[in-house]
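Keep the sequence and the model open while reading.

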Amino acid sequence: MMKSCVKALSCAVAGYGLACLNAFGQQTQPVGTAAQSKFIQAVDEYVPAPGQFVNTLPEATAADTPATMAQKCTEAIANGNGGMITLGAWGGYVTFHFDHPVVNVEGQRDFAVWGNAFTNNAEPAVVMVSVDANGNGRPDDTWYELRGSEYANSKTVHGYRLTYTYSAMQDVAWTDNKGGSGVVARNRYHAQEYFPLWLASEGTLTFEGCRLPDNAYYDEATRQFLLPAYAYGYADNQPNTDVEGCSMDIGWAVDDAGQPVTLDHVDFIRCYNAMNQVCGNIGETSTEITGAEDLHPDASTGISGIGLSPSAVTRCYSIDGRQSATLRPGLNIVRMEDGTIKKVFRKNN
């Protein structure tokens with residue numbers, strides 16, 4: 001059973017919850033209205049943490065808004081465009097959707113997220129997924145974390161909360177809920193403002209989620225910091241040439257208690273930087289995202305657009321127990337040919 005609360009990333013901007021940003025989200029398209037693309041259709045939210053590439057990937061000014069920045073990110077990484085956006089330091093995130101639900105195909109990885117990682121330069125981001133349960137086309141429903149290889153690591157911190165404070169053209173100070181503090185330090189290579197300009201008027205940015213263990217160490221032989229990849233389950237962790245390493249399984253989804261949840265499909269995907277570490281003169285560890293792909297987009301052409309074969313369905317019921325000949329808009333209870341029961345959400349067409 002899905003829980004109403006999840007171990008999810010949230011962002012508050014000077015007292016405003018994430019919902020204030022969701023108002024700018026873009027609607028998903030009904031299944032079957034056009035050929036389904038394997039690429040991202042649009043970015044719904046872009047809320048980077050401060051960082052040395054912020055306001056340049058993509059370019060931003062104080063005149064921008066959450067809506068214009070989401071559009072700039074769409075132009076960069078959607079539709080296979082091959083651009084790049086930065087998520088900044090710990091907590092910064094991007095939310096996006098495809099033009100169809102991404103189906104959870106049993107025994108297979110379902111979608112890939114592309115970054116700019118290469119050998120010994122991993123900047124891992126946690127990946128989360130959500131179903132549009134309320135049918136409003138916005139990413140404002142329950143979020144589930146995909147359980148990567150470090151989820152149960154004793155050094156992983158769940159429920160981590162961190163606040164950045166704006167001070168124009170200065171190092172960006174932060175404090176966390178574990179008694180820690182520090183700065184996202186400016187450097188001579190990047191002279192622009194490091195705090196997201198379109199959010200600077202609010203004064204602070206607060207994020208909450210999971211902090212992964214530091215992966216960096218200084219190698220005396222090469223005289224540089226090395227950032228080895230984790231085993232699996234994170235974005236910008238493995239090189240894009242390693243398709244399996246960049247791919248995610250919806251079957252890894254867990255609730256706030258770390259218990260597995262069964263999702264037939266997901267409508268929104270979110271990636272957030274889960275690393276809070278500084279590596280000498282290369283600065284903070286910052287996730288970059290260059291795109292994402294549904295690994296089996298044709299799977300969503302079945303019943304209700306979520307990959308169920310009509311021949312495999314024996315009975316459909318509404319949530320109040322009334323039998324129906326077909327899936328109705330909203331939540332349905334479906335009995336499959338093999339006797340299993342599934343909860344299926346159908347959007348209004």
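Arginine 161 counts as partly exposed, at 35% relative accessibility; here buried means under 20% relative accessible area, exposed over 50%, and partly exposed in between, with a 1.4 Å probe and protein chains only. The model is a predicted one: local features need pLDDT of at least 70, side-chain atom pairs count only at pLDDT 80 or more, and totals for chains, interfaces and linings use all residues. Residues are numbered from 1 along each chain as its sequence is written, and side-chain values use heavy atoms, with hydrogens and water left out.

The side chain of arginine 161 meets that of glutamate 208 in a salt bridge, 3.2 Å from N to O; the term stands for a side-chain nitrogen of Lys or Arg within 4 Å of a carboxyl oxygen of Asp or Glu. The pair links distant parts of the chain, with glutamate 208 in strand 12 (residues 204-211) and arginine 161 in strand 9 (residues 157-165), 47 residues apart. Helices (H or I, at least four residues) and strands (E, at least two) are DSSP runs, numbered from the N terminus. Glutamate 208 is partly exposed as well, with a relative accessible area of 27%.

The whole structure holds 6 salt bridges. In one of them, lysine 38 pairs with glutamate 293, the closest N and O atoms being 3.6 Å apart. Lysine 38 sits in the loop between helix 1 (19-22) and strand 2 (42-47), while glutamate 293 belongs to strand 21 (residues 291-294), 255 residues apart. Lysine 38 is partly exposed at 36% relative accessibility, whereas glutamate 293 is buried at 17%. Arginine 270 and glutamate 45 form another salt bridge, at 2.7 Å from N to O. This pair joins strand 19 (residues 268-273) to strand 2 across 225 residues. Both arginine 270 and glutamate 45 are buried.

Helix 2 (residues 66-77) has 12 residues and reaches 16 Å from its first C-alpha to its last. That is close to the expected 16 Å, which is 1.5 Å times one less than the number of residues. Its buried residues are Pro66, Met69, Ala70, Cys73, Thr74, Ala76 and Ile77. They lie on the same side of helix 2, because they cover an arc of only 165° around the axis, taken from the directions from the helix axis to the C-beta atoms. After helix 2 comes asparagine 79, whose phi is positive, near 60°.

How many disulfides are there? The count is 0, a disulfide being a pair of cysteine sulfur atoms within 2.5 Å. Cysteine 246 is buried at 3% relative accessible area, and cysteine 271 is buried at 0%.
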